Amino acid sequence: MIEVHIVHTPEHDPPLHHVMRLLRQEPVRVRVVKGQAGRLGAARAEAIAAAQEPWVSWVDPDDEIVPGLYRVLTEALDPEYSLIHTWEWVHPLHGGRPFLNKAPHHGVAVRREAALPLLDT
């Protein structure tokens, strides 16, 4: 299973209800991590270090998740790899609408064990 982290900085981010509704439809464990403006990477690193699942991923509170993204990633999990990646599955929301004119975003799952030595927590 994949553990998906949402780093949330309440004073800067939109409410979580939209992204949580989308993730409830996916085969994942969701963990909301309190963020601090300017230290989002540190919050993600701490969440990865404390993860309970062997694979981790993350989304931002304003991301739009195409249904089935995490099903596809889950089907691709293989202990031989450290990273599973999809392209053009996640699009950030701007003004409540998917913003597709920018470079496409991606979905990623990282094997926690492979990421741990790289973290600076």
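Modeller: Contact means that heavy atoms lie within 4.5 Å of one another. Helices (H or I, at least four residues) and strands (E, at least two) are DSSP runs numbered from the N terminus. The model is predicted: local features need pLDDT of at least 70 and side-chain atom pairs count only at pLDDT 80 or more, while totals for chains, interfaces and linings use all residues. Residues are numbered from 1 along each chain as its sequence is written, and side-chain values use heavy atoms, with hydrogens and water left out.

Colleague: How many helices and strands does the protein chain have, and in what order do its elements run?

Modeller: There are 4 helices and 8 strands. From the N terminus the order is β-α-β-α-β-β-α-β-β-β-β-α.

Colleague: What makes strand 1 and strand 2 a pair, and in which sense do they run?

Modeller: Two strands pair if DSSP finds at least two bridges between them. Strand 1 (residues 2-8) and strand 2 (residues 28-34) share 7 bridges in the parallel sense, so they meet the criterion. One of the bridges joins Glu3 to Arg29 of strand 2.

Colleague: Which hand does the β-α-β crossover from strand 1 to strand 2 have, and what does the chain pass through?

Modeller: The chain passes through helix 1 (residues 17-24), and the crossover is right-handed. That term applies if, with the strands pointing away from the viewer, the path from the first strand over the helix to the second runs clockwise.

Colleague: Which residues of helix 1 are called buried, and why are they said to line one face?

Modeller: Buried means under 20% relative accessible area, exposed over 50%, and partly exposed in between (1.4 Å probe, protein chains only). Val19, Leu22 and Leu23 fall in the buried class. Seen down the axis of helix 1, its buried residues lie within an arc of 95°, so they line one face; the arc is that of the directions from the helix axis to the C-beta atoms. His17 and Arg24 are exposed, on the face turned away from the buried side.

Colleague: What do the buried residues of helix 1 pack against?

Modeller: Their partners are strand 1, strand 2, strand 3 (55-59), strand 4 (63-65) and helix 3 (69-76). In helix 2 (residues 40-50), the buried residues are Ala43, Ala45, Ala47 and Ile48, and these pack against strand 1, strand 2, strand 3 and helix 4 (112-115).

Colleague: Where does pLDDT stay under 50?

Modeller: pLDDT is the predictor's confidence in each residue, from 0 to 100. The value stays under 50 over residues 89-104, whereas the protein chain averages 82.
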